[in-house]
Amino acid sequence: MSALIRLNDLTFSYNKGKENQVDAIKHLSLEIERGDFVGIIGVSGSGKSTLLYLLAGLLKPDSGEYLYGDTDIAKTSENKKADLRNSDLGFILQDFGLEGDRTALENVCLPLMFSKCSWGTMEKKGRAVMEKLNIADLCNKKVNQLSGGQCQRVAIARALVHEPRVILADEPTGALDSENKKILMHLLSRINKEGITVIMVTHDISILAECNKIYKLNDGEIELIKEETNEKV
């Protein structure tokens, strides 16, 4: 089976060519199959978030190849990368990234606002995914009225509303207590079992049990530390 994502000898530096250059990603090669649940661990500053931004096409590698399917993302225009993010990628952020003065439903529907959907269609899709995650009762509540755990579930619903193929999660449990960590990981596992590829970066090794592949990123270099046969695809 061909990989969904292939990184070949990828490099990326901040402040390239300057005295304060930081080599965040060093000749990194990685393959991710459809349906994988990948955990990438590492301490703060190890390059985890940089790698996630490269996968999202938000950063352009200095060298190397990034293939998403048959598309070389490193050579793709910004407009096409934006189209890819809107169609194929969903994001879950540590700080949730929600707009506090909007309702939970409006936040969930935000990714659809880049499409040509009517508000009625967006609302229908938003409510459907919130019902799926058992948070339909939060639809009309303002985000600034929600708990941390509720905000994270709204953020997951927002990541799923446009039916992405890949979820990119950046320290998704960082702002959660232990009980809400369990709830989040259960939801991500459920999503993954439905066929969505999940790529999660974290420093918290306690949340990695659901991952079929675990990598350690250290000083921009990656090492596979766990691999199990993926039977979901």
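Trainee: Which residues touch the most other members of the largest nonpolar core?

Mentor: Met130, Val154, Ile156, Leu160, Leu188 and Met200, out of 42 residues in that core. Keep in mind that this is a predicted model, where local features need pLDDT of at least 70, side-chain atom pairs count only at pLDDT 80 or more, and totals for chains, interfaces and linings use all residues. Residues are numbered from 1 along each chain as its sequence is written, and side-chain values use heavy atoms, with hydrogens and water left out.

Trainee: What makes a set of residues a nonpolar core?

Mentor: The members must be buried Ala, Val, Leu, Ile, Met, Phe, Trp, Tyr or Cys, joined through side-chain atoms within 4.5 Å. Buried means under 20% relative accessible area, exposed means over 50%, and partly exposed is in between (1.4 Å probe, protein chains only).

Trainee: What is Val154 in contact with, leaving aside its neighbours within four places in sequence?

Mentor: Leu98, Ala104, Asn107, Val108, Ile135, Leu138 and Leu146. Contact here means heavy atoms within 4.5 Å. There's also a second, separate core of 28 residues, and it includes Ala24, Leu28, Leu54 and Ile73.

Trainee: On to the sheet. What is the order of its six strands?

Mentor: β6-β7-β8-β3-β9-β10, in an open sheet with mixed pairing. β6 (89–93) and β10 (221–227) are at the edges, each with a single partner strand, so one side of each has no neighbour in the sheet. From one strand to the next, the twist averages 20 degrees.

Trainee: How do you know that β7 and β8 pair?

Mentor: Two strands pair if DSSP finds at least two bridges between them. Strand β7 (residues 166–170) and strand β8 (residues 197–202) have five bridges, in the parallel sense, so they qualify. Within that pairing, Ala169 stands opposite Met200 in β8.

Trainee: Which strands does helix α5 touch?

Mentor: α5 (residues 148–160) packs on the sheet against β6 and β7, and its direction makes about 165 degrees with that of β6. Axes are lines fitted to C-alpha atoms, for helices over the stretch in contact, and angles run from 0 to 180 degrees between N-to-C directions.

Trainee: Why is the Asp219 and Lys26 pair called a salt bridge?

Mentor: A side-chain nitrogen of Lys or Arg has to be within 4 Å of a carboxyl oxygen of Asp or Glu. This pair has 3.0 Å from N to O, so it meets the definition. Asp219 is in the loop between β9 (213–218) and β10, Lys26 is in strand β2 (residues 22–32), and they are 193 residues apart. The structure holds 10 salt bridges.

Trainee: Are Glu171 and Lys48 buried or exposed?

Mentor: Buried: Glu171 has 10% relative accessibility and Lys48 has 6%, against the limit of under 20%. Their closest N and O atoms are 3.7 Å apart, in a salt bridge. Glu171 lies in the loop between β7 and α6, and Lys48 in helix α1 (residues 48–55), so the pair ties together parts 123 residues apart in sequence.

Trainee: What makes Asp219 partly exposed?

Mentor: Its relative accessible area is 46%, which falls between the 20% and 50% limits.

Terms used
Helices (H or I, at least four residues) and strands (E, at least two) are DSSP runs, numbered from the N terminus.
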